[in-house]
Structure formats: C-alpha cells, structure tokens
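Welcome! Let us walk through this structure together, one part at a time.

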Amino acid sequence: MRIALILIGAALALAAPFFVYPVLLMTILCFVIFAASFNLLLGYVGLLCFGQAMFLGLSAYIAGQILKTTGISIELAIMAAALVSAALGAFVGFVAVRRSGIQFAMITFAFAQFVYFLLLQSEFTGGEDGMQGIPRTHLFGIIDISDSRTFYYFVLAMTVLAIFVVYRVVHSPFGEILKAIRDNEPRVESLGFRPERFKILAMTISAGLAGFAGALKATVFGFATLTDVSWTVSGEVILMTLLGGLGTLTGPMVGAGIIILMNDELAQFGEWALIAQGIILILVILFLRRGVVGEAGALVRRMKARRAK
Amino acid sequence: MFDGITPQLLFGQLLIGVINGSFYAMLAMGLAIIFGLMHVVNFAHGAQYMLGAFVAWLLLNYLGVPYWGALVIAPVVVACFGLVMERLILKPIANLDHLYSLLVTYAATLVIEGLIRQQYGSTGLPYNSPLPGGVNLGFMFMPWYRLWVVVFSVVTCLATWLLIEHTKLGAYLRAANQSPEIVESFGINVPRMVTLTYAFGVGLAGLSGVLAAPIYQVSPSMGSTLMITIFAVVVIGGMGSILGAILTGYLLGIVEGLTKVFYPEGANLVIFFIMLLALIFRPSGLFSGGKN
C-alpha cells in the first residue's frame with residue numbers, strides 16, 4: 001500500500017512539468033522543503049520558530065550574491081548559502097533556547113525582524129527593490145539547466161534529497177531524543193542528556209534546510225526579495241505545516257502544495273490571499289489540529305480497526 | 001562625539017523617546033496582563049491597537065465624534081471586539097498548548113489587517129491633533145498633545161498597576177492565575193473573569209490606538225510593526241511582570257530616542273541588541289525576580 005502510494009507520487013512528480021507550469025511546481029517544491037524544515041522543529045522537538053523566513057530569505061540573498069559575483073557552479077552556491085543559514089540557525093538557537101515554550105517563539109520572531117532590517121539596509125541586497133538578475137550557472141560546471149523543465153528535475157532531485165535528510169534525522173537515535181524532549185523534557189534531562197544542545201543542533205539542521213530551500217528558490221526565480229524574509233512568510237510556513245499535519249512526514253508537503261496553489265489562485269485579489277490564510281489557520285487550529293494528513297491517517301486506522309473486528 | 005548635538009536635538013529626540021516609550025509601556029502592560037492570567041501571548045494586540053485608531057478615525061469622519069468622545073467610545077468598541085474574539089477563538093483552545101493561542105491570535109491579525117487594508121488601502125490616514133499648538137520651554141518646543149499623551153499614559157499605567165497589585169479584584173486575578181480551582185470555590189466565576197480580563201487588555205490596546213492616532217498616521221500596519229518591539233520589551237522585562245513591562249517600555253523608548261541622537265544608524269536595532277544582551281546575561285528577565 002505504502003509502496004504503491006510512493007510509486008504513484010513519483011510518477012506524478014516526474015510527469016507534472018508536462019502538464020503544469022514548471023515554475024509553479026518548483027515554487028511548491030521549495031516550500032515543501034521549507035515546510036519540512038519548520039516541521040522538524042515544531043513537529044518533532046516542539047519548538048515554534050516564529051521566524052523561519054529569516055533562514056529562507058537570508059540564504060536566497062547569499063546564494064544570489066555568490067552566483068552574481070563569482071562563476072562557481074550552482075550546487076556549490078546553494079550549499080554555501082545553506083551553510084551560512086545553518087550558522088545563523090545555530091546562533092539563534094544558542095540565544096533562544098534560554099527561554100522555553102512561548103518565549104522561544106517571540107525571540108525567534110524578533111530575530112527574524114532584525115535580519116529583515118539588516119537585509120533592508122544592506123547595499124548588496126538592493127533594499128526595497130530586491131536582488132535582480134541571479135544567473136543560473138551550469139550544474140557541476142557542465143550541465144546546462146537554463147531550461148525550466150530541465151531545471152525542474154534538478155529541483156525535484158534536491159527536494160527528494162532534503163526530505164530524505166529529514167527522514168533520516170527523525171528516524172535516528174538523535175531524532176528519538178528530539179521527540180522525547182518534545183514529550184517530556186525534564187525526563188530527558190534526568191537521563192543525562194542536555195536538551196539545550198539537542199535543540200540547538202535541531203535548530204541548526206532546520207535552518208540549514210530552510211536555507212537550502214531559499215537558495216533553490218532564488219535560482220528558480222532569478223531574484224530574491226524582502227518578501228522571503230517577512231513575517232507573513234514565517235506565518236505561511238506555520239499554516240502549511242499545521243494544515244498538512246504537524247509531526248508527519250507527508251503533511252507539510254501536502255500543506256505546502258495547497259497553500260501555494262491557493263496563493264496562486266488568489267494572487268489577483270489583493271489582500272484576500274492573506275485573509276484566506278488567516279481564516280484557514282483559525283479553522284485548522286479550532287477544528288483540524290491533526291491536519292489533513294493526520295486526519296486521513298486516523299481515518300484509515302479506524303477503518304482498519306473496524307475491519308479487524 | 002558630542003559635537004553638533006544641540007539641546008533642541010537632544011530634548012526633541014528624548015521627547016520622541018518618551019512618547020514611543022509610553023506606547024511600548026501601555027501595550028506591553030496589556031500583553032503582560034493577558035499573559036499573566038490566561039497564558040495567552042496576544043499577537044493580535046497590535047491589530048487591536050490599530051483598530052482603536054481606526055475606530056477613532058471612523059467616528060470622526062463618519063459620525064463627527066471628536067477625539068475626546070473617541071477616547072471613551074473606541075476603547076469600549078475594541079474591548080467588545082476582544083470579548084467576541086475570546087469567546088470564538090480563544091476559549092475553545094484554552095486547555096491546549098499555549099503555542100496555539102499565539103498562533104490563533106496571529107491568524108486573527110492576518111484577517112483583521114487584511115480586511116482593513118482591503119477596505120481603506122494601506123496608506124496612512126491623517127488625524128488632526130485635538131490640542132494644536134504648544135509651549136516654548138526655552139530649550140525646546142513642547143506640543144500640548146505630546147505632553148497630554150505622556151501624562152495620560154503614565155496615569156493609565158499607574159492606575160492599572162494599582163488596580164491589579166493593590167485591590168481585591170487584582171488579588172482575585174492573581175489568585176486565579178495561581179490556582180483557578182480554589183478561586184472558583186470562593187464563588188467567583190473564573191471563566192467570566194478571564195473573558196473580561198482579555199477584553200480589558202484589548203481595550204487598553206484600543207485606548208493606546210486612539211492616543212496614537214494624532215501622532216502617527218492611522219494605517220493598517222501601524223500595529224504589526226510595533227508588535228515586534230513590544231515582543232522584545234516583554235522578553236526583556238520578563239513575561240509575567242506588569243510593573244516590569246511598564247518600566248521596560250519607558251526605558252527602551254528613552255534608550256531608543258537617545259540612540260537616535262548619538263548613533264542614528266543604530267536606533268532601529270538598539271532594542272534588539274538589548275534583548276540579546278538580556279537573554280544572554282539575564283535569561284529569566286530583568287524584572288521576573290529570578291523565576292523563568
């Protein structure tokens with residue numbers, strides 16, 4: 001059953017660019033990685049990072065700057081930007097884990113605004129206008145990926161890689177400790193582990209992945225803007241994750257897909273995209289806290305239990 | 001480094017700092033009151049502040065109600081709005097992780113701001129000062145309205161603090177925070193008290209919004225830009241402390257104003273740096289008395 005679903009998903013993902021506008025698909029994929037990075041923190045460690053956009057946006061500018069000023073191949077630029085983002089994540093984690101729960105969220109929120117402001121003031125980012133004309137250099141220095149459909153397969157491969165990383169982290173002994181921290185932090189501490197260290201490390205990995213998504217996004221569009229650092233994007237990723245299903249591997253993917261498609265549909269109606277996001281988030285929190293995937297899973301389990309009787 | 005700093009500049013920025021600090025203090029106080037009783041971080045506080053300013057603007061432009069009338073009516077309207085919000089979206093999730101209440105009030109902010117922006121556009125709307133003119137103090141010019149804002153906010157903060165720390169009502173509030181069951185056994189309707197406290201905090205935000213209308217322009221995003229600073233103020237002061245929130249609010253406003261005089265480039269970042277230092281060296285907050 002599960003293998004069949006994965007195969008169907010893979011077939012759809014491979015065939016998709018022949019039916020749907022590739023840039024839209026790539027946007028979804030970038031946000032799939034971004035939502036997965038957020039879910040790693042909130043879903044598996046219980047940390048609400050209310051400023052995840054700072055990693056996405058900073059990394060987009062860094063990758064853009066590297067590609068614009070040097071001639072190095074695209075995958076190295078993306079990796080470098082993700083590393084810078086991970087370093088920022090480690091620093092934010094180091095400061096923010098000093099307060100738990102709700103204050104962690106507030107501190108990361110303030111941090112993200114600080115990064116936003118720095119990027120707004122910096123020369124190289126182009127301020128309000130954003131950074132334009134980010135080139136798509138050859139992959140590994142040899143493969144031409146300027147065609148959107150070809151580039152889609154590169155982004156798809158990167159997404160699969162990123163999701164695999166999340167899967168490995170979550171299903172490792174390290175991931176088990178993260179989940180234990182989420183469920184009962186004092187007990188983890190009493191077993192001789194240092195929860196802060198694990199939280200900082202999780203934050204670093206999450207920021208690296210979010211940065212990876214941001215760098216990819218910059219190469220997809222060829223530009224980076226302040227929108228990627230704004231708190232509405234930090235909120236968007238929360239909505240994606242909760243709507244899809246917190247603490248599930250596939251939930252954030254589904255959520256990212258739904259929200260990006262909805263934004264695309266509502267883009268022409270001005271403020272209504274954000275209003276709709278707000279209303280959906282309220283409804284999800286009130287009535288659908290397990291998310292679409294979580295509820296579907298619960299339904300399947302219930303049906304199985306009934307059949308077993 | 002003090003060359004070229006005239007008294008006009010120094011005191012002018014100091015006044016702006018105190019004015020900003022007045023708003024930081026009033027908003028942070030409302031946030032601390034709501035958090036203290038409900039453990040809700042009311043992200044919508046900024047949007048509710050903005051609503052206060054908008055209600056005042058609407059009252060003036062559609063019903064001809066002047067500022068002094070709006071100062072009474074708008075907070076009540078915004079408080080009623082808070083009442084509805086508490087019943088509709090906060091009460092159903094009161095027993096869940098507090099992160100959900102932060103997120104649900106965030107979502108409400110998106111809706112409120114979006115609707116206002118859709119209706120009135122995102123540019124600022126002017127609101128004339130009800131107290132034009134001012135007095136020349138020799139070293140600086142003091143507009144009457146700014147003096148009024150400072151005095152009014154100090155009085156409001158003090159009165160609220162006294163109400164909560166030194167009256168029986170305040171004692172019930174603080175007791176309900178510690179153990180709602182026991183307060184309930186005294187025959188006090190704790191859920192209703194929670195609703196009214198939230199409405200009170202929201203009303204304070206609305207009141208700040210009316211005060212702000214003649215100083216800053218009335219715009220949909222006036223609240224959310226302020227929220228970032230307010231979060232930092234609350235984190236620095238320590239979450240639960242009302243007096244801490246008030247003092248930190250004024251202090252940071254003044255520090256920000258002075259930074260504008262001596263190091264203008266750093267003025268937008270100074271509060272953030274203070275937050276960083278406070279987190280590293282006083283992780284439990286300046287006024288929290290050591291408990292996290």
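**A walk through chain B and its partner**

B:His39 counts as partly exposed because it has 16 C-beta neighbours inside 10 Å (20 or more other C-beta atoms within 10 Å make a residue buried, 12 or fewer exposed, and anything in between partly exposed, with C-beta atoms placed from the backbone). You will find B:His39 in the loop between helix 1 (7–38) and helix 2 (45–63) of chain B. Its phi is near 55°, a positive value in a residue other than glycine. Most residues other than glycine have a negative phi.

A word on the model: it is predicted, local features need pLDDT of at least 70, side-chain atom pairs count only at pLDDT 80 or more, and totals for chains, interfaces and linings use all residues. Residues are numbered from 1 along each chain as its sequence is written, while chains are lettered from A and ligands numbered from 1 in the order in which they are written.

Stepping back, chain B holds eleven helices and two strands (DSSP runs numbered from the N terminus: H or I of at least four residues for helices, E of at least two for strands). Of its 292 residues, 49% count as buried.

Now look at where the chains meet. Chain B brings 32 residues to the contact and chain A brings 28 residues (residues are in contact if their C-beta atoms, placed from the backbone, lie within 7 Å). On the side of chain B that touches chain A, helix 4 gives the most, with 15 residues. For one example from chain A, A:Ala110 is in contact with residues including B:Ile228, B:Phe231 and B:Met275.

Methods
Two residues are in contact if their C-beta atoms, placed from the backbone, lie within 7 Å. Lists of a residue's contacts leave out its neighbours within four places in sequence.
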